[in-house]
Amino acid sequence: MIPCQRHLFDIPDDVAYLNCAYMSPLMKPVIEAGTVALTRKAHPWEITPEKFFTGADEFRAIAAQFVGCSPDCIAIVPSASYGIATAAQNLPVAKGQSILVLEEQFPSNYYAWQRRAEATGATLKVVPWPADNDWTAAVLEFLTSEVAIAALPHVHWTSGGMLDLVRIGQACRKLGAALALDLTQSLGALPFSVGMDDENGVQPDFAVAASYKWMLGPYSVGILYVAPKWQGGGRPLEENWIQRAGARDFSSLILYTKDYDGGARRFDMGERSNFALLPAALRAMQQLLEWDVSRISETIGALNRRLAEAALDAGFHAPAEPLRAPHYLALRRHTQIPKELPEILAREKVFVSVRGSSIRVTPHVYNTTEDCDRLIACLRRIALAP
């Protein structure tokens with residue numbers, strides 16, 4: 001268990017921020033790293049050509065540790081939707097086939113597939129919310145021979161349901177279906193590995209995660225894993241100078257080339273060097289690795305276990321613990337949850353989200369048991385209200 005790390009964040013004592021799945025607060029050291037990085041552009045003459053590459057190389061190496069791959073398999077992207085659009089552009093699907101998504105899946109992992117299905121004559125196949133909250137079993141049931149692509153999360157964003165990606169990955173390979181993952185609601189708080197060299201591993205074709213949630217980083221930075229099979233001939237969303245072979249020699253940039261830099265770098269966004277944000281995102285990832293993702297998961301899981309048990313007494317329920325992610329708690333009840341609930345709680349300086357028909361409660365290592373108790377007290381008052 002990780003002791004409370006509130007001292008690393010600028011969170012007042014009277015604020016119960018239980019909403020990391022919405023947006024994480026930045027740690028003080030991350031703000032410091034970002035501030036130093038931003039001020040570098042005040043002296044652009046000090047930003048030498050090699051610095052366009054060194055920061056990106058370091059970012060790639062650290063990010064690779066979160067997915068268990070080589071740094072060469074990591075592309076630098078600005079958002080989850082950018083990574084999903086890259087996957088949708090490169091994964092084959094034909095008329096008569098289908099693309100598998102979940103009911104109430106996050107829009108950034110839905111719209112690109114909807115467009116791809118419309119363009120190819122394929123069908124968008126939606127896995128309905130399972131009555132028993134077992135998303136893994138539901139996905140495996142819907143993974144049939146006509147599925148060309150399974151576009152899935154590790155954690156369902158409105159239910160907190162956790163998918164067994166190892167079993168799903170094995171099923172996809174057996175069918176010959178591609179697997180594209182949005183890890184934005186899990187990476188950094190839930191252990192994950194692509195299992196590149198493990199025949200029993202997940203082995204996705206693409207996997208993306210934005211930095212600003214569980215990676216505790218800034219907005220507009222993300223990582224994209226690209227399996228080796230797609231690195232040699234894949235088509236990037238944009239064509240920019242820094243993704244090309246020989247780009248480190250600025251004097252030769254006018255010598256246009258069809259060749260890309262090695263590995264997943266061909267899929268990098270333009271201006272990937274991002275002198276202001278990459279150092280901040282890098283510092284956040286370093287801290288997460290220091291804490292260890294498995295310990296982060298256990299620590300948040302203990303808070304959510306306490307919350308789930310107390311919420312049950314207040315008339316709210318959540319998926320059973322084996323079926324939900326430890327860091328994610330989606331509370332529901334038989335009667336409708338007021339849409340204005342976040343505003344009601346905010347007046348008490350308690351912050352959560354309402355997503356769909358769920359109250360989404362997502363603490364982190366900066367939260368205390370007192371924060372949890374304040375939320376439960378509010379929910380009890382709401383449950384008793386006429």
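Visitor: What makes Tyr82, Val208, Val221, Gly222, Ile223, Leu224, Phe267 and Met269 residues that valine 77 touches?

Guide: Contact means heavy atoms within 4.5 Å. Valine 77 touches these residues, with those up to four places away in sequence not counted. This is a predicted model: local features need pLDDT of at least 70, side-chain atom pairs count only at pLDDT 80 or more, and totals for chains, interfaces and linings use all residues. Residues are numbered from 1 along each chain as its sequence is written, and side-chain values use heavy atoms, without hydrogens and water.

Visitor: Why is valine 77 called buried?

Guide: Buried means under 20% relative accessible area (1.4 Å probe, protein chains only), with exposed over 50% and partly exposed in between. Valine 77 has 0% relative accessibility, so it counts as buried.

Visitor: How far apart are valine 77 and serine 220 in sequence and in space?

Guide: They are 143 residues apart in sequence and 8.1 Å apart C-alpha to C-alpha.

Visitor: What is the volume of the largest pocket?

Guide: About 330 Å³. A volume is the space filled by probe spheres set on the points, with grid points joined across faces, edges and corners.

Definitions and conventions. 1 Å grid on protein atoms, 1.4 Å probe; cavity = no way out; pocket = protein on both sides within 12 Å on 5 of 7 lines; lining within 4 Å.
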